[in-house]
Amino acid sequence: MTNKKRTVLGAGCLVLAAAGSQLRNNESAPQRQALELPPFTASSITIEQDVREYAQRLETAYQLSPEKAYTYSNYILESAEYSDVPKELLAALIHTESHFRDDVISVVGAVGPAQIMPQLWNAACGDVHEPRTNILCAGVVLQHYKRRFCADDSAPYACALSNYNVGPGNLRRRPDSSLAAANRYLNKMSNALAVYDEVMVDLSMEREPIILADVW
């Protein structure tokens, strides 16, 4: 366990609403540029008790087998620690993207539990066909989008999720259709987070409900 304090967020510690204000203010599509990502050298940093407790939540919330819940608990906690993306958000994203299936390939070529595009992210993350790397990469990608496109947004994680689902270029070149697609995606994420919230244990901390609203 590192000295870094683990982010322990109940499902109510995120407020994701009214994203997209920054998108509407950008009139031109962003220029392609080299990504400035941290060195991707994550290693196992979770402890057994954390993994088992979180696995029980995943098993109940998303109807996973004990074995799969335990495996994914390891992956998600490690990714959350490395990227600072809340574990609840990563779990909901994986449920929304693949229903926790390791070998899913989309019609556009996105792969794995978090549906990562290999041609875009293999150079930064490694082989995203491997489930652990795939989920670690999801945290890296969300954090990158949050910092690159959503720093001034009122709801940066909703903005980051919209970029994750639709793509930054599409959001700026085709805002109407892309924002509609992003809204549908955020609705799915909201449902996935609500399921998780129903089985959250009492964390002995004040929490507010998660809100996922349309990006427009």
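Me: Let's start with C159: buried or exposed?
Reply: C159 is buried, with a relative accessible area of 1%. Keep in mind that this is a predicted model.

Me: And what does C159 form with C150?
Reply: A disulfide, with the two sulfur atoms 2.1 Å apart. C150 is buried as well, at a relative accessible area of 0%.

Me: Remind me, what is a disulfide?
Reply: It's a covalent bond joining the sulfur atoms of two cysteines.

Me: Is the link of C150 and C159 left-handed or right-handed?
Reply: Left-handed, with -75° about the S-S bond.

Me: How many disulfides are there in the whole structure?
Reply: A search turns up 2. C125 and C137 form one of them, with their sulfur atoms 2.1 Å apart.

Me: Which parts does the pair of C125 and C137 tie together?
Reply: C125 sits in helix α5 and C137 in helix α6 (residues 131-149), so the pair links parts that are 12 residues apart in sequence. Both cysteines are buried. The torsion about the S-S bond of C125 and C137 is about 65°, so this disulfide is right-handed.

Me: What pattern do the disulfides of the chain follow?
Reply: 1-2, 3-4, counting bonded cysteines along the chain.

Me: New topic: where is Q63?
Reply: Q63 is in the loop between α2 (48-62) and α3 (66-83). Its phi is positive, about 55°, although Q63 is not a glycine. Q63 is exposed, with 67% relative accessible area.

Me: What about Q115, buried or exposed?
Reply: Q115 counts as buried, at 11% relative accessibility, because the cut-off for buried is under 20%. Its place is the loop between α4 (87-98) and α5 (118-125), and its phi is positive too, near 55°.

Definitions and conventions:
Residues are numbered from 1 along each chain as its sequence is written. This is a predicted model: local features need pLDDT of at least 70, side-chain atom pairs count only at pLDDT 80 or more; totals for chains, interfaces and linings use all residues. Side-chain values use heavy atoms; hydrogens and water are left out. Helices (H or I, at least four residues) and strands (E, at least two) are DSSP runs, numbered from the N terminus. Buried means under 20% relative accessible area, exposed over 50%, partly exposed in between (1.4 Å probe, protein chains only). A disulfide is a pair of cysteine sulfur atoms within 2.5 Å.
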